[in-house]
Each structure stands twice: as structure tokens, then as C-alpha cells.
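Here are my notes for your first look at this model. Keep the structure open and check each point against it as you read.

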Amino acid sequence: MTSVTRDVFGNLPDGKTVEKFLLESNLVKAEIITFGCIITRLETKDRHGNFTDIVLGFDSIEGYLNKHPYFGAVVGRVANRIANGKFTVDGQDYQLPINNGPNSIHGGLKGFDKVLWKPKEVENGVQFSYTSSDGEEGYPGELEVWVTYTLVGSELTINYKARTTKTTPVNLTNHSYFNLAGQGSENIYDHEISITAEHYLPVDDTMIPTGEVAPVQGTSFDLRKPVDLGSQIPKLKGNGFDHNFCLNMNDLQHDCTRVYHKPSGRVLTVRTTQPGIQFYTANFLDGSLKGKDGAVYPKHSAFCLETQAWPDAVNKPQFPSVLLHPGQEYDQTTWFNFSVQ
Ligand code: BGC
């Protein structure tokens, strides 16, 4: 049985209350707030049965109101990058705010990570809803969105649903930063990862996919057999992993990613209905943020597994479509499972 308890987390500058929901099973404790649907704490057991918080974040609402790189949040209306913030739908051109080099990222200046969601308790969890108005952050159509977090035993499930009044791109994900050694640990070099993807998306120097769907075979992106991050990251040309892995479409909803932290025994496995996963090794963290319990977060002190549609898909007809049409329902699910080995 999962217990769900509700409390106050803090207040927004306009006085509105931010609530927190604690979902607790005998194996996992997850705290999620109504601001940005942010997972603020996630405690799982090590092989000795000790709980540790394994996600980066802040102790209070102030931290989440200041600039930060989407710790724990639901990201949308379109997660990841859209080239030059431009796209065309139904013959109409749209221009989004530019907030990442020449591109638009993670829903714009005030994306779904920075709004207050309406909560409703459901069996084993909580459902958050939000209505994004027609034209909000430059996107067409009024979009109603529901994000449901449920916890059963060792598994945290996130379901995303949406409906629109006009055709619009939609790409929703959760942007948690994990460190299986415990949040605040210096790096993730002692983590081992495998991702089943046979292809990944090479990017240009503004991090937009070139359009090529490249085989991982023979590259440092071949994670089909477990690799040690401490030895794999230095093999890459850039700063670390920040790439979309194309999941095998005939194998969706099977485990696509496994991360193992040998010293603690913690294992995280992921499965999803989404066609891709952005594996990001927190290359842009620089130790300047003051995190939970006095933690600082240097480069490579966490990893993100952002299950999602492929970046810039709205401008790349050869990628799986991200368009949601009126009358359709967007419905995607990701399962995070926590165990020990
Ligand atoms: C992107 C990174 C970015 C991070 C925080 C990730 O989804 O791929 O490049 O730094 O989000 O915005």
C-alpha cells in the first residue's frame, strides 16, 4: 500500500500556496510539489536497506523560483530544443522565445516547470492538471494537461495526457537529476549505464540534431552493453552525454535503460512509451547552486534520463511526429523502477 500525504511546501511571491505530496511505499518515498510538478525528494534504499535522497533540488520554494536547470520538473509544452524557435503548422509560422543560444528550449521563458498545477489525490498517487492558454509561450491552441504520479512498491510511474484546441507540438518529460550515491555526491563516475538504443542523434554546435539517425555501433554512444561513466565520458568529443537515444520502436515498454551504482547497490531501470530518451550527464552544472542540505552540484554530479520525443522533431519530417491534433489525446507513460543488486 502506498500512503499519500499532503502538506504545505511554501508560498509564491503572489501569496499562492505551493503544496507538497509525499508518496510512500515500503521501498520508495517521493515528494512532489504543485509548482512545476517538481520531484523535490526521492528516497530509495541501498543494499543495506538505508534510505537516501537520490535527486538534486532545493530545500525551499525560493530555490525553485530562482534560475536553475529544471531540477525535478515536468518540462513542456515542448521539452528539448526547437531550432531557432521556429516551426510551421497548418501553413502558419510560429516564433517561440529564444532561450538557449539561437534556439528555444524546454517550453520557453515560463514553461510548465514554472507554473502552479492543480492537484488531485488519486489511488497510490497524485494527479496535477494545468491549462496552457492558446498562444502561451508562442504555441498554438489551448492545451489541457494532466500529469499523474503513482507509486507502487519499487516503481514510480509518470503518465502524461493532453488535449488541444488547435494542432500543436507537444513533448512532455520529467527532468530529474539523479545520483544513485545520494544527492550531493561529487560525481557519477562510479555509475554504470546501459541503453538498448541502436541509434542516436548527432547534433550540430548549437545542439540541434543534424537530421541523421546514426548507428551507435562502433561509437562511444554504444551503450548496449553496460559502460562505466568514469571511463566513457572522457571518450566523447564534448563535455559529456547530452544526446537523444532513439529507442527501438518494436521494443517500447521494455526496459530501455539501466543504471547501476555498485558501491550502494542501487539500480534504476526505465521503461517508456516514448520514442526517445535524452541522456544528459549534467555537463552544465558548475557548483554555483546551493542545493539541499548544503550540497553543491558540480559538473557531472548527476544524470538525467528524459524520456521524450526526438529534439526538433517539429522541423524534421523524418522524425516521429510531435504534433497533437484536436480530438486526439496525447498519452505517454514512463516507469522508473528502483531496486538493489
Ligand atoms: C538539455 C541540456 C540542458 C539541460 C538543462 C537538457 O534537457 O539537453 O543541454 O543543459 O536540459 O536545460
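1. Start with the pocket. The ligand sits in the largest pocket. Remember throughout that this is a predicted model.

2. Next, look at the residues around the ligand. They are Tyr70, Arg81, His106, His175, Tyr177, Met207, Asp242, Gln278, Tyr280, Phe284 and Glu306. Sort this shell by class. Five of its residues are nonpolar, three are polar and three are charged.

3. Which side chains place a polar atom by a ligand oxygen? His175 is one of them: a polar side-chain atom lies 2.8 Å from an oxygen atom of the ligand. For His106, the distance from a side-chain N or O atom to a ligand oxygen is 2.9 Å. For Gln278, the corresponding distance is 3.2 Å. Each of these pairs falls within the 3.5 Å cut-off for a polar contact.

4. How much of the ligand does the protein bury? Taken alone, the ligand exposes 310 Å². The protein buries 94% of that area.

5. Now turn to a sheet. It is open and has five strands, in the order β19-β18-β21-β24-β25. The pairing is antiparallel. Find the two edge strands: β19 spans residues 214-215, and β25 spans 304-308. Each of them pairs on one side only.

Note on methods. Residues are numbered from 1 along each chain as its sequence is written. This is a predicted model: local features need pLDDT of at least 70, side-chain atom pairs count only at pLDDT 80 or more; totals for chains, interfaces and linings use all residues. Side-chain values use heavy atoms; hydrogens and water are left out. A residue is near a molecule or strand if one of its heavy atoms lies within 4 Å of it. A polar contact is a pair of N or O atoms within 3.5 Å; within protein, one must be able to donate a hydrogen and the other to accept it, and residues adjacent in sequence count only if both atoms are side-chain atoms. Accessible areas come from the Shrake-Rupley method with a 1.4 Å probe; for residues, only the protein chains shown count as cover. On a 1 Å grid over the protein atoms alone, a cavity is a set of points where a 1.4 Å probe fits but cannot get out, and a pocket is an open set with protein on both sides within 12 Å along at least five of seven lines; lining residues have an atom within 4 Å of a point. A molecule sits in a cavity or pocket if more than half of its atoms lie within 2 Å of its grid points. Ala, Val, Leu, Ile, Met, Phe, Trp, Tyr, Cys and Pro count as nonpolar, Asp, Glu, Lys and Arg as charged, and the others, Gly among them, as polar. Two strands pair if DSSP finds at least two bridges between them. Helices (H or I, at least four residues) and strands (E, at least two) are DSSP runs, numbered from the N terminus.
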